[in-house]
Amino acid sequence: MLNNKDLSIGSKMYQWATDLFPICRSITGNGLRQTLRYFQNLLPDLKIHEVPSGTQAFDWTVPDEWNIKDAFICDEQGQKIVDFLQNNLHVVGYSESVDRWMTFEELDRHLYSLPEQPTAIPYITSYYKRRWGFCVSENQRQQLRQNPLAKYYVKIDSSLQPGSLTYGELIIPGETKYEVLLSTYVCHPSMANNELSGPVVTTALAEYLSKQHLNRYTYRILFLPETIGSIVYLSQNWQTMKQQVIAGFVITCVGDRRTYSYVGSRLGNTLADKVVLNILNHKVPNYQQYSFLNRGSDERQYCSPGIDLPVCSICRSKYGEYLEYHTSLDDLSFISSEGLQESYEILRECIFTLENNFIYKTKVFCEPQLGKRGLYPTLSTKESGKQVRNMMNLIAYADGEHDLIEIADIMGIPATDLISLAQILLENNILQKMNNENN
Amino acid sequence: MLNNKDLSIGSKMYQWATDLFPICRSITGNGLRQTLRYFQNLLPDLKIHEVPSGTQAFDWTVPDEWNIKDAFICDEQGQKIVDFLQNNLHVVGYSESVDRWMTFEELDRHLYSLPEQPTAIPYITSYYKRRWGFCVSENQRQQLRQNPLAKYYVKIDSSLQPGSLTYGELIIPGETKYEVLLSTYVCHPSMANNELSGPVVTTALAEYLSKQHLNRYTYRILFLPETIGSIVYLSQNWQTMKQQVIAGFVITCVGDRRTYSYVGSRLGNTLADKVVLNILNHKVPNYQQYSFLNRGSDERQYCSPGIDLPVCSICRSKYGEYLEYHTSLDDLSFISSEGLQESYEILRECIFTLENNFIYKTKVFCEPQLGKRGLYPTLSTKESGKQVRNMMNLIAYADGEHDLIEIADIMGIPATDLISLAQILLENNILQKMNNENN
Amino acid sequence: MLNNKDLSIGSKMYQWATDLFPICRSITGNGLRQTLRYFQNLLPDLKIHEVPSGTQAFDWTVPDEWNIKDAFICDEQGQKIVDFLQNNLHVVGYSESVDRWMTFEELDRHLYSLPEQPTAIPYITSYYKRRWGFCVSENQRQQLRQNPLAKYYVKIDSSLQPGSLTYGELIIPGETKYEVLLSTYVCHPSMANNELSGPVVTTALAEYLSKQHLNRYTYRILFLPETIGSIVYLSQNWQTMKQQVIAGFVITCVGDRRTYSYVGSRLGNTLADKVVLNILNHKVPNYQQYSFLNRGSDERQYCSPGIDLPVCSICRSKYGEYLEYHTSLDDLSFISSEGLQESYEILRECIFTLENNFIYKTKVFCEPQLGKRGLYPTLSTKESGKQVRNMMNLIAYADGEHDLIEIADIMGIPATDLISLAQILLENNILQKMNNENN
């Protein structure tokens, strides 16, 4: 049963995020590797894989590995006015090296800022086209513009050369080969909600699942660089996953407390969608609902035609929908222990529901006589309790065709309300579990 | 055709209810037997069956037969302050015998009242657990409480011993073996809407159906003790019924005039649901709609998984939804001739619609030339009449796939509006009846 | 691509309507023949067919051919007070001959007027029952009534004798045998919206289609007398049409500018419905939507049971829904070049969409790397453009099951927005066309 809230999990997750925040991650490189090792420390069975640059993955090729040591802009006084070591968002991801004096005019063509958010440093990358650039606040840029004739010493000490793409994979075997997929991404530099919240919540869930005696489902838990990582992973595992994954969740942007969001799968009708909708509809009914048209993370790959895995997303403030998104304002103050903990609990509830989502069939024709089993009041009065009604409804709809979530949806209640009732009815020999492929 | 309203049917039904009101009925016993013999007097072909105590019926066992001769509470002055012979609701159904003086304290543990309805005697039963008890008004109980040290002589002269469960069954053979089921229950003591209204309306419908030359469908009309009666009946007849019943109605709470109610079948999509919805939507559009989650009568058995008969209910004020329900306030003043008559007519209209619900197919391609048959105005003007439009629409949708009710639903009209039109088109060789299983 | 609006097409169509307005058309006869020859002049491949009187067509028989030379009512002073040569609506269609003096009383029994529209001459016909009659304005009739004893010389010089029913048929062969049907009717005398607008817009569409190098679909374009014409045509062509027609449109009442209307097919779910709804929903979202219950033109035949062609209608002010309908007020001032042009463009857009409505399938698993093909911005910023999003969504839903219109409906955009994107993706080897029956 799922009932003890370990309130310290939120603080633990927040501490992990704090530890990892300063690291400069990208879709390859040592920052990514260091982050995965941090999680491996927490999850000893996490395997870290290296995929060589140049590896083909469907329509893509694993790019060269990018690493960066330092980057700054100095003014004529030798003052570092922009410093990568202060904030790794300052450098456009995958920037090539540069090391020379230049005019403001030239520099300015390599600066990125957000006029509408003058204090924010934007997050920009250029993975597949060679560029260099610096991201600065609009305020700082305006200041620089006041001195158009100034010269600047610009240095980016980066390398781009054959290496590998790194990802983490944790398989927790269950009773059956059928799998639940948890996928998160670890390629973002110093931003908190997007994206350290996803990795730390996923890690906490993985800890929880590892501690269970034996789960019903096998859990495939992935820490990937976004897009290229999931494409590489799918190119090597999609056939197995297509046969085994019964539901999956992309875990991203789960650290703040402003709202809850749901992003549906491609056609919006998978088991993953059903469980998330049942839980959210009852636990946080005022959540935001987005269709697959508003997708943006690795469900783009998992749900692509031909792959078609049953994957959707739960977020708090969804990527692209909050002002701080992809800027330096998405920092550790934007997320909280409470936000992480709540997301963890909702996801754990989805998992718990899936673990208990069977197709049941009532073993007797007509209503069973619950009274003789002590499950029904022996005295008929005007009203019967909610618990008894739920039990009778579960029996009435346990027809071997509807699963527990579908029955809960018919009844307009959270599926979790039916789990212990189903257990009681099973023990009383009133229900039987049907052989479904996921059983 | 269904057009003559015999207004005296309502009065006749009300008289039956008045005759039957005083009898103390239960799920077994002489009151039940006496009630069925009253109906047998009206419906000579009604068969009365006895099922011995101890008979197994799915998960249930027919209980011992309960009979009661007398019951009262006397005060120390020898005054009968509660008297079963005054109102048979005073005794908890299936009470065991008692015959002794006791303190108020002891008596009080055996009293049932409704604090929120201080003048009402509640209706309570304890069929499957041995108990005894008296039901009194809250007002009376409060009075007794003023004298906590008083003693009372309490007597219940009842017997519970092997006997039988009694039910009535009337089969009216039709052109086909396919059946319409009418089911009502006869196990309630002195209450009027719930439940003498159902039995008397069912009896009037049975009289009407018996008088027809030959119905299309066979009618299976059941007068049962609720729950155990329908379970027993199904345990002996479900296989035949599963093959033959095309629609059925549980007839209960059909005597008052406050509203109309519909209680859907388990998935809400059977022929019974379709005909009721078509009729109610057009005849009494402000009726109350309840899903199967709000069920409460023998549809619980008829629609249970594995049985799955196409059965729903029409009520006036639905059981459980009116204040007088299961109390002495549900008396003969709560129902009326008019209420019974209106319910009778709605149900007769449902039956009439089913009898005429065929799948038709237009025999010619393109529109037939109605003009040459005198069915269409020969002069084209700006407007054509509603009757002609209905006829043209019936022809257009008579595609061998939609039945008459479905076509009426597409057209947004009551199916009864199409019956005579279909007849005209059949006679004019424009439509043909399709072979459907119910034909 | 469909992008150049030839604004002169509207004027051209209006001129055609003006030329044709005076002709007295009916369901047979020389006026009908003359009208078809006018269109044949514009569309040299239009074939004019003659079907002899007496020919059987399903439930109908081709009637005798009706021709009229003159008709008038003279007063005692020899003054023509009603003159067919002034307005051919004055004579009831298919009137038999008359040539004699009569009392006002007798004449009045043969007069038709509209009390609620006192200045309008109604349009009346009596094709299948022998009658004669004059249609006059209610005002004129009131005037005549002031002199009830007057006598009138009444002459109708008409003939009704074996001849033929005439219709026009233009087949424009395409890449495939699969067809789009355009059907309009040419049997109405001097009325403009209903019905010269349909024939002239259909002619303009036929000109447009004839000028294309090679259409994907074959076009079957019909100019028929309403009802009897389409029944005759279907009786001779329905089997071919059932195999080949993938979508069709009845083109009627397309000349005014008050509104747009859609009349659905019988079940409202054909490809024709889908394309029309997609276009109208986005181009003129406040259009009027009518179900097949409000049909009135040749879709009555095309959609009849057993025929079941995928045919619906686009109108401006729909027949039967505007005050001027079937009266002399539906004249050339009621329609306009602009109205005709707009209707032409909407229909051309439907055709253009059908021509480009393929089922596509994405050729690679996971998202293709659009960046390396120059189809995606190489710099990741906070926002991506609408065009790129549409392209990504098209790729995501190009699963070999949804056609372009269905994908556009999922995306909530007009299908036309996807056509050039699909072309680009096809050229870039990202999409492939699936073999669908219409391909």
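This is a predicted model: local features need pLDDT of at least 70, side-chain atom pairs count only at pLDDT 80 or more; totals for chains, interfaces and linings use all residues.

Entry 1, cysteines. I took a disulfide to be a pair of cysteine sulfur atoms within 2.5 Å. By that rule I found zero disulfides over all chains. I then looked up two individual cysteines. The sulfur of Cys24(A) has its closest cysteine sulfur in Cys135(A), at 11 Å, and that is too far for a bond. For Cys187(C) the closest cysteine sulfur is that of Cys24(C), also too far for a bond because the separation is 11 Å. I also noted that Cys187(C) is buried, at 1% relative accessibility (buried means under 20% relative accessible area, exposed over 50%, partly exposed in between, with a 1.4 Å probe and protein chains only).

Residues are numbered from 1 along each chain as its sequence is written, chains are lettered from A and ligands numbered from 1 in the order in which they are written, and side-chain values use heavy atoms, with hydrogens and water left out.

I counted contacts as heavy atoms within 4.5 Å. On this basis 25 residues of chain B touch 32 residues of chain C. The two chains bury about 2,500 Å² between them, 53% of it on carbon and sulfur atoms (accessible area, 1.4 Å probe, that two parts lose on being put together, summed over both). I recorded four salt bridges between chain B and chain C (a side-chain nitrogen of Lys or Arg within 4 Å of a carboxyl oxygen of Asp or Glu). Arg300(C) and Glu367(B) form a salt bridge at 2.8 Å, N to O.

The buried area is about 2,500 Å², with 53% on carbon and sulfur atoms. On the chain A side, Asp59(A), Leu293(A) and Pro305(A) lose the most area to chain C, together 28% of what that side buries. I asked how many salt bridges the rule finds across the interface of chain A and chain C. The count is four. Asp59(A) is joined to Lys372(C) by a salt bridge at 3.5 Å, N to O.
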